[in-house]
Protein chains: 2
Amino acid sequence: MPYELYYWDGLQGRGEFVRLALEYAGARYVDVARTEAGMKTMLKILGGKTGANIPFAPPFLKDGDLIIPHVANILFYLGPKLGLAPTDEAMRMIANGLQLTITDMVAEIHDTHHPIATSLYYEDQKPEAKARAGDFITNRIPKFFAYFERVLTANAGKHVIGDALSYVDLSLFQLYEGLRYAFPRATSHFAKDYEALTALHASIKRRKPIADYLKSNRRLPFNESGIFRHYPELDQDP
Amino acid sequence: MPYELYYWDGLQGRGEFVRLALEYAGARYVDVARTEAGMKTMLKILGGKTGANIPFAPPFLKDGDLIIPHVANILFYLGPKLGLAPTDEAMRMIANGLQLTITDMVAEIHDTHHPIATSLYYEDQKPEAKARAGDFITNRIPKFFAYFERVLTANAGKHVIGDALSYVDLSLFQLYEGLRYAFPRATSHFAKDYEALTALHASIKRRKPIADYLKSNRRLPFNESGIFRHYPELDQDP
C-alpha cells in the first residue's frame, strides 16, 4: 500500500521536505490533496472527533491506519524504512535533533513574511515583515548556517550525519534552495561562506532521483503561497 | 549516572518541560547550568567543533556520551525510560506529534513578546508585540486549545494519549500554567471553555511529585526572562 502524504495543494510548503525523501527513495506515495476529492479527505481527517490520532495541521502521513503529523516526526518514522536514516538508535536521535533545528529555521522563515499574524495577508504587515526579514538576514541566517556548516565540516563534509545520505541532508538541500529563491541578495555569499553546505546542495541536486523529480510536474515551482517567498523588498545585502 | 540537563539558569524556559518529566518520575538529574562552573561546561559543549553531536541551542540532555537537543526529542528519548510514554511504537509517534504541536505553540508564545527579533529587547518591539499578542489571543489560543481539548476528550478526557499519564500531559500542564500566568485576562475563560484541559491541569498539579516540585526551590517562579511573560499591556479579554 502506498504512503499517503497530506498537504495543501498549490505550494511546496512544509510538505516538500517529506516529498524529497519519498522521491529520493523512489517510494510509492500518493499526494492526496492533489488528487480528485483529496482535499475533502484531508479536511475530514483534520476534523476527526474520535481517537487521539488527530493531526493539528498538514503535513501528515498516513501509513495504513497510522497517521503521523509534523515534518520531523514523519521523517523520523520514514527514515529507516526508506534507508535515509542512520541505523544506530543514538544517531537517529541526533538526526532528529538536527531536523528539529531545521524545523525552527523554517518557522522563522515563514515569519519573515508573517511576523504579526498568519490570519492576515503579507500586505497587511509589510513594515513589520521588513524589520523581521532584516533581522533574519543579519542575525539568524548566519547563526543557523554557520551551525550547519560546522556540523557538516565536523562530520567530514559529505553528509550532515553518519556516513551516508540521510533525510536531514535532503532537508538541508531544500533549505538552501528555498533561501536562494527567497533572498537572492542576502544569500549571494553562500558559496563563499558555506562551502560544505554549498557542495552538499550541489551534489544532491545532481543525484538522479532528485534531478528527475525537480524536472517533473510533481515539483511545483517556489511561489508566494509557500514558506519561501521572494518579495524583493524584503531582500537585502547580508 | 544521573542525567545532565543543560539549560540557561534564571528562568523556566523550554528546559522546564524536561524538568517536569524528570521530576515527576523521580529521576536523578543534574541541572548543570545551575551548578558552579556549569555555564562554562554548557558553553563549551555548544562551541564544540568535533563530531556531529553538537547542539544548536539549550536545552539539551546528556546521557553518558549521548547529547540530545530539542525538548520534543529529549522527551521522546526519556519517555520510555521514565515510564512516561506509551510502550507501543505507533503510539509513541502520535505522542511525538502532539509534543511537536506544543513546541509550535511555545514558539508562538515566545513571539508574542519578540515578534521582530530575538536580538532586540521587548521594549524595542512593543507595538508589534501588542499586535502579535492580540492575534495570538484572538486566533491562536482558541485554535491550539480547542485542538488539545478535542484530542483529550476523544481519548476519554483523563490523558491526552494512551491510558496513563505521559510526558505530553505534563507539557500540557506547563502550557496551561504558563498561559494563565502570562495572560490572566485572555485565559480567564479556560475553566469554562476547556473543561478537560482544566481538569488535567488540576489533577497534575495535585500529584505528589509535581506538588512537591512546585514548592521546591528547583522550580523557579515564572518571570519576564522566560517564554511565558506577564506584560499587562499585552493581555486582553479573549
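Trainee: In which loop of chain B is the place of Pro59(B)?

Mentor: Let's start with the ground rules: this is a predicted model, in which local features need pLDDT of at least 70, side-chain atom pairs count only at pLDDT 80 or more, and totals for chains, interfaces and linings use all residues. Residues are numbered from 1 along each chain as its sequence is written, chains are lettered from A and ligands numbered from 1 in the order in which they are written, and side-chain values use heavy atoms, leaving out hydrogens and water. Helices (H or I, at least four residues) and strands (E, at least two) are DSSP runs, numbered from the N terminus. With those names, Pro59(B) sits in the loop between α2 (38–46) and β3 (60–63) of chain B.

Trainee: What kind of peptide bond joins Pro58(B) and Pro59(B)?

Mentor: Look at the omega angle, which is about 0° here. The bond between Pro58(B) and Pro59(B) is cis.

Trainee: How many residues of chain B are in contact with chain A?

Mentor: Contact means heavy atoms within 4.5 Å. On the chain A side, 47 residues take part. On the chain B side, the number is 47.

Trainee: About how much area do chain B and chain A bury between them?

Mentor: Buried area is the accessible area (1.4 Å probe) that two parts lose on being put together, summed over both. Here 64% of it lies on carbon and sulfur atoms. The total is about 3900 Å².

Trainee: Which residue of chain A forms a salt bridge with Asp111(B)?

Mentor: A salt bridge is a side-chain nitrogen of Lys or Arg within 4 Å of a carboxyl oxygen of Asp or Glu. The count between chain B and chain A is two. In the one with Asp111(B), the closest N and O atoms are 3.2 Å apart, and the partner is Arg132(A).
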